[in-house]
Amino acid sequence: MSDPFDTDPPLQPLRTGILLVNLGTPDALEVGAIRRYLREFLSDPRVVELPRALWLPILYLYVLTTRPAKVRHAYAAVWTEQGSPLRAYSLQQLAGLRAELARRGHDLTVELAMRYGNPSLRSGLDRLCEQGCERILAVPLYPQYSASTTATVIDEVGRQLATLRDQPEMRFIKRFHVEDGYIDALANSVREFWQAHGEPEKLVMSFHGLPRAVVEKGDPYFRDCMQTANQLAARLGLPRERWLATFQSRFGRNPWIEPYTEPTLRDMARQGVRRVDVMCPGFVAECIETLEEIAMGVREAFIEEGGEDLRYIPALNARPDWIGGLADLVEKNIRGWA
């Protein structure tokens, strides 16, 4: 340990660290691990904006006693040898970004954290600080901003920094919903899919849902989603009648932003639409919401109502063009630092 009272301390280079942050996932395919994850996730007041006195009894007496076993079946349907797909693809993105930034000549330290579960946000900050990072750029991997996603990352970073005596300088990426690297990678993924499999009658862009009341209070998430959808459709040259944006993963009985994904796809099948492609632009890595909910569940619902085929276009994951876009985003936001 260096002498804190050294009268001639050596100058140290100011290292810059990058902290990628995704939502999180259970550590294992066990009810106990799923319960721990859901407890942390659903206890966040940014995620469930109900009075604590009302919500916490529901959470502990009902949700956490019944939902983990039900959710386990969904996780089991998509679990891999590397664990959850979200963790596996997030680690691939981490490795890809490290390699791409090094290829571009940057001497940066890049780590991964999850907002809920492991590797924890605190452990990610600690790893960067231990490697001498005085400046840290946090990159929440949520293209569209919402208080329930990006803001809660900022909240938790602040809480963790409040326990440190020697705090690093921080920057945050708020959103990247219309950044060229992101939109180009999405458009390329669609073009490649259609070149290989042919075009559908319609393209559905399914985003994660949000309670309608949250948007009415000023959350910009719906606007961000529609800007992404319009930019992507324009990049693909799709006329308005060939695409639509929908919202999935509704939880609870209160109204969420519409149109809802599964009911919309059921209606389309009943109205005679036979071939639909669905993509999830709000998820940059595969997860239970993309693979189990859309590629399996919504596909089954569409066919049940008379549709012939619903194809899921994979998330960006570790596509080289997306890794390049992510590196562009980092470079843009560390200007003046490195």
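Mentor: Residues are numbered from 1 along each chain as its sequence is written, and side-chain values use heavy atoms, with hydrogens and water left out. Because this is a predicted model, local features need pLDDT of at least 70 and side-chain atom pairs count only at pLDDT 80 or more, while totals for chains, interfaces and linings use all residues.

Trainee: Why is Asp-277 called buried?

Mentor: Buried means under 20% relative accessible area, exposed over 50% and partly exposed in between, with a 1.4 Å probe and protein chains only; Asp-277 has 0% relative accessibility and therefore counts as buried. Asp-277 sits in strand S7, residues 275-279, where strands (E, at least two residues) and helices (H or I, at least four) are DSSP runs numbered from the N terminus.

Trainee: What makes the pairing of Asp-277 with Arg-311 a polar contact?

Mentor: A polar contact is a pair of N or O atoms within 3.5 Å, of which, within protein, one must be able to donate a hydrogen and the other to accept it, and residues adjacent in sequence count only if both atoms are side-chain atoms. The side chains of Asp-277 and Arg-311 make such a contact at 2.7 Å.

Trainee: Why is helix H6 called roughly antiparallel to helix H11?

Mentor: Helix H6 (residues 180-197) and helix H11 (residues 320-333) pack at an angle of about 175 degrees, with their axes 8 Å apart. That angle makes H6 roughly antiparallel to H11, because angles over 145 degrees count as roughly antiparallel, under 35 as roughly parallel, 65 to 115 as roughly perpendicular and the rest as oblique. The axes are lines fitted to C-alpha atoms, for helices over the stretch in contact, and the angles run from 0 to 180 degrees between N-to-C directions.

Trainee: Which residues of H6 and H11 meet?

Mentor: Gly-181, Tyr-182, Ala-185 and Asn-188 in H6 meet Asp-321, Trp-322 and Gly-325 in H11, contact meaning heavy atoms within 4.5 Å.

Trainee: Why is Asn-317 described as buried?

Mentor: Asn-317 has a relative accessible area of 8% and is therefore buried. Asn-317 lies in the loop between strand S8 (309-312) and H11, and has a positive phi of about 50 degrees although it is not a glycine.

Trainee: How do you know that Ser-249 is buried?

Mentor: Ser-249 has 16% relative accessibility, so it counts as buried. Ser-249 is placed in the loop between S6 and H9, and its phi is positive, about 65 degrees, although it is not a glycine.
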